[in-house]
Amino acid sequence: MNNHVSKKIILWPIILLFSLFLAIFSNVNHVNADSYLKDIKTKGTLVMGTSPDYPPYEFLSKGSNGSQIYGADVELGQKIAQDMGVKLKVKSMSFDSLLVALQTHKVDMVISGLNKTPERAKSVDFTNSYYQSGTGLLINKSDKDKIKSYQDLKGLSAGAQVGSVQYDLIKKANKNVKVKGMENVNDLILALKSNKISAIAMDSAVADSYVSHNTGIMKISAGLHSADSNNNVAFPKGATSLVKQANQTIKNVTTNNLYVDQFIPDSIKHMSSNKQTSTASSMWQYKDFFISGIKSTMLISVVSIFFGIILGIIFALMRLSKNWLLHSIAVCYIEFIRGTPQMVQIMFVYFGLGAIVNVPALTSGIIAISINSGAYVAEIIRGGITSIAKGQSEAALSLGLSEKQTMRYVVLPQAFKNIWPALGNELVTLIKDSSIASVIGVGELMYQMRAVQADTYQGVAPIAIIMVIYFVITFTISRIMKYFEGKISHGTND
Amino acid sequence: MEPMIKIENLTKQFKDNVIFKDVNAEVYKGNVISLLGPSGAGKSTFLRCINMLGEPTSGKILLDGKDLVSSSPKELIKLRTNIGMVFQNFNLFDNKTILDNITLAPIKVKGMGKVAAEEKAHSLLKMVGLDNKSDVYPNSLSGGQSQRIAIVRALAMDPEVILFDEPTSALDPEKVGEVLEVMKELAKQDMTMIIVTHEMEFAKSVSDEIWFMDDGKIQEKQAPKDFFENPQTYNAKRFLSKMI
């Protein structure tokens, strides 16, 4: 009984240690003022973060090697990099991840149609404005007599991109509007077309480009006024040297009106022209997107299940161990991982761990998914091991086999046979859940679907296609697992 | 002559529940001991302590002078290879063929070559008349066949002593004979054995010594004839009167 109490007491330091670990992560934003510009010049590259679903500012389109990010903001980034004498590298991620990426030094700079707000200015530094945008409302053409401005949205629901200025604007402007936030503009357009929402508040220029690619919707002036609609470049807090340098470029751009006269028209040239061709043929043109998505999805899944099983075995054995320290570590790991959302884990690995060592998105995704899968596999394996009759291991021990050998030759082979169907399920789940890695910009199926959506302005067809692809993959896998299940149990049970 | 196994003050208790206390006993090479007693007397627990499958609370178990209780895990593995065990429920490895069941320990523990181990397995299987079963899996065998294989598996390690934990209790009555037959044969070959059993006739005919266990103690250690004809303790008398 005494022993039991002491175990519990010693569990606390482990939890404390873990909290400390978290605290360290959150404090890595060292303010090392003005080595920023120097660092980037030594590095030779300036990494720009952007959320490429915002044409004409930033969007994905077919380039020479697969999907590429184009847009007026990218051209501005190009210009800033050029003036610094370095190369520009563009990283894509979801809009609400951008500022986090900046704070954790995943990117050096964010240009993504970003408006300066006092809240944002607390965590990052902004340059002067390079462009003044307005807010427009997108509505269905059929509603044009009903909705003339934001005031007519009373009692209706309107959409806006999560984290965008327009989201706050519409919310503040009309208290009677139900505001629906979505991460992706394409989803908003879909929602509008299918009458889930009555209007979308978005940047005027972006709204124009969606109107030009979608029949049935139109833009009206929102009638909203705000001082916030200046687009600015964001740098990490304290990166004054970078802000100064970029402001020079921006000054040059604004005095010559380059953004409106050159960057936007240039970008529009890259925008896809195949908007109204038939679905089937236009989707076929994007097969390379889907194929590269399948490759990434399979790579993530196979590597993750491999490490997941290894971690699973280790933690299952630790949890079954008589050594209470090993046991406690395993319990903490398993319970913690199973008790937190996988999406959060992926973001934590990418942004949190990434603040210490620079891990690419794909690797981060694989690490996070392996760790996640390890916890579930550990419980499956533990169940498998405990289901093996005690007599089996007693017989092995009585013959002089060590505990390890007993596990390896007698218990685990039998356990694996029993848990094979459960492992198959886990693999299928893992393949489906790998889609979450798209939040940090891993180019798997889900991400590629977004790219195709953005490029073709077709909302539903790409979704249907990846649904079929996912099903074909998972169905094939479960058939293969079934086949091997038959093989293993041959001769033994039943 | 020194005893092969010497048990000193062996005690086993779960919290306050004493299973047996301060048991002392000796087994000499070639001896066949039958451990009798009413159900719940702790016979199986005692037997399982001898090869440390159950950990005794205190006391010593000396095999050729070396104590198993205080030995390190590595030493224990070494000592265990000298002590075979046959279980009530056979405990053949379900995932392995009969041949692999028998050769696993000789190959992995003793480092024996595969060919030599298999040769040995075949000759032992012939001895129990089951060489034709070498490639099948345990689930296709009858109880009597399984138990004979389990004995062969223990023998393949050339143990100094074999512990039998109620080897015929899980068998259909008509299968009991074939297993006892094999055990009798081993006794004839001077194998040292400790047998927990309820087969009184068998115990009487095959044993060199009967240990009678009850109330957490070995109450009597007698030659079979003396024990069955002239039990000394009240407990033994009561036990025998119920068995006959």
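Modeller: Happy to. Let me begin with a term: domain bounds here come from an automatic or database domain assignment. This is a predicted model, where local features need pLDDT of at least 70, side-chain atom pairs count only at pLDDT 80 or more, and totals for chains, interfaces and linings use all residues; side-chain values use heavy atoms, with hydrogens and water left out. Residues are numbered from 1 along each chain as its sequence is written, while chains are lettered from A and ligands numbered from 1 in the order in which they are written.

Biologist: Which domains does the assignment give for chain A?

Modeller: In chain A, domain 1 covers 34–128 + 232–271, domain 2 covers 135–221 and domain 3 covers 287–489.

Biologist: How far apart are the C-alpha centres of domain 2 and domain 3 of chain A?

Modeller: Those two centres are 40 Å apart. The contact (heavy atoms within 4.5 Å) involves 8 residues from domain 2 of chain A and 7 residues from domain 3 of chain A.

Biologist: What area do domain 2 and domain 3 of chain A bury between them?

Modeller: About 690 Å², with 56% of it on carbon and sulfur atoms. Buried area is the accessible area (1.4 Å probe) that two parts lose on being put together, summed over both. On the domain 2 side of chain A, the residues losing the most area to domain 3 are A:Asn186, A:Leu190 and A:His213, together 55% of what that side buries.

Biologist: How many salt bridges are there between domain 2 and domain 3 of chain A?

Modeller: The count is 1 salt bridge, meaning a side-chain nitrogen of Lys or Arg within 4 Å of a carboxyl oxygen of Asp or Glu. A:Arg450 pairs with A:Asp187 in a salt bridge, and their closest N and O atoms are 2.8 Å apart. Helix H7 (185–193) and helix H8 (204–213) of chain A each supply at least two residues of the domain 2 side that touches domain 3. Helices (H or I, at least four residues) and strands (E, at least two) are DSSP runs, numbered from the N terminus.

Biologist: What caps the N-terminal end of H7(A)?

Modeller: A:Asn184 does, with a side-chain oxygen 2.7 Å from the backbone nitrogen of A:Asn186. Just after H7(A), A:Asn195 has a positive phi of about 60°.

Biologist: Where does A:Asn257 lie?

Modeller: A:Asn257 sits in the loop between helix H9 (240–255) and helix H10 (258–270) of chain A. A:Asn257 has a positive phi of about 55° although it is not a glycine, and it is partly exposed, with a relative accessible area of 39%.

Biologist: Zooming out, how many helices and strands does chain A have?

Modeller: Chain A has 19 helices and 13 strands. Of the 494 residues in chain A, 51% are buried.

Biologist: Now chain B. How many residues of chain A and chain B are in contact?

Modeller: 20 residues of chain A are in contact with 24 residues of chain B. The two chains bury about 1900 Å² between them, and carbon and sulfur atoms give 59% of that. A:Ser398, A:Leu399 and A:Tyr409 supply 31% of the area that chain A buries against chain B, more than any other three residues.

Biologist: Which side chains meet in a salt bridge there?

Modeller: A:Glu394 and B:Arg48, at 2.6 Å from N to O. Helix H16 (390–398) and helix H17 (403–433) of chain A are the elements that give two or more residues to the side touching chain B. H16(A) gives the most, with 7 residues.

How values were computed: Buried means under 20% relative accessible area, exposed over 50%, partly exposed in between (1.4 Å probe, protein chains only). A polar contact is a pair of N or O atoms within 3.5 Å; within protein, one must be able to donate a hydrogen and the other to accept it, and residues adjacent in sequence count only if both atoms are side-chain atoms.
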